[in-house]
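Q: Please take a close look at one part of this structure. I would like a single connected account that I can follow while looking at the picture.

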Amino acid sequence: MKRYRVRFTPDAEDDLLQLFDFLLEKDLDAAARAREAILAGIELLAFSPFSCRKAADHPLLRELLIPYGSAGYVVLFEIEGPATVTILAVRHQREDDYH
């Protein structure tokens, strides 16, 4: 089975830190559960990035939906060549700019 290398842009890393910081202020257990959900979802990208929905007219720009609680997270990523997936942004679905 083909495996893609998954990498994060600096902006996507900042997105994750902001999400976790927000949750840590509210509930340590919720932050841990959200972290596990996001990591499990991102693991899918290593094996099957083309199974995610297209994010725009560009066929290699896609979105991964990660369910969590009553909403979830959206991971915007690009499939770069035959071996790399680059995560561009991570947002909570209830954020105004999650698209």
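A: Two rings of Phe, Tyr or Trp (for Trp, the six-membered ring) count as a pair if their centres lie within 6.5 Å; planes under 30 degrees apart are called stacked, over 60 edge-to-face, and the rest tilted. This is a predicted model, and it holds one aromatic pair. The ring centres of Tyr-68 and Tyr-73 are 5.9 Å apart and the planes stand at 35°, so the pair is tilted. Tyr-73 has a relative accessibility of 2% and counts as buried.

The part to look at closely is the sheet. Strands of a sheet pair through backbone hydrogen bonds, either parallel or antiparallel. Here five strands make an open sheet with mixed pairing, in the order β1-β5-β4-β3-β2. The edges are taken by β1 (5-8) and β2 (53-54); each has a single partner strand, so one side of each has no neighbour in the sheet.

Phe-8 sits opposite Ile-87 of β5. Packed on the sheet is helix α1 (residues 10-26), which touches β1, β4 (71-80) and β5, and its direction makes about 35° with that of β5. The loop between β1 and α1 contains Thr-9. Thr-9 has a relative accessible area of 17%, so it is buried. Leaving out residues up to four places away in sequence, Thr-9 touches Thr-86, Ile-87 and Leu-88.

Asp-15 belongs to helix α1 and Arg-91 to strand β5, so the bridge links distant parts of the chain, 76 residues apart. Both Asp-15 and Arg-91 are buried.

Is Glu-63 buried or exposed? Its relative accessible area is 8%, so Glu-63 is buried. Arg-53, at 39% relative accessibility, counts as partly exposed.

Notes:
Residues numbered from 1 in each chain as written. Predicted model: local features only at pLDDT ≥ 70, side-chain atom pairs only at ≥ 80, totals over all residues. Heavy atoms only, no water. Pairing = 2+ DSSP bridges. Helix = DSSP H or I, 4+ residues; strand = E, 2+ residues; numbered from the N terminus. Contact = heavy atoms within 4.5 Å. Axes fitted to C-alpha atoms, helices over the stretch in contact; angles between N-to-C directions. Buried < 20%, exposed > 50% of the residue type's maximum accessible area, 1.4 Å probe, protein only.
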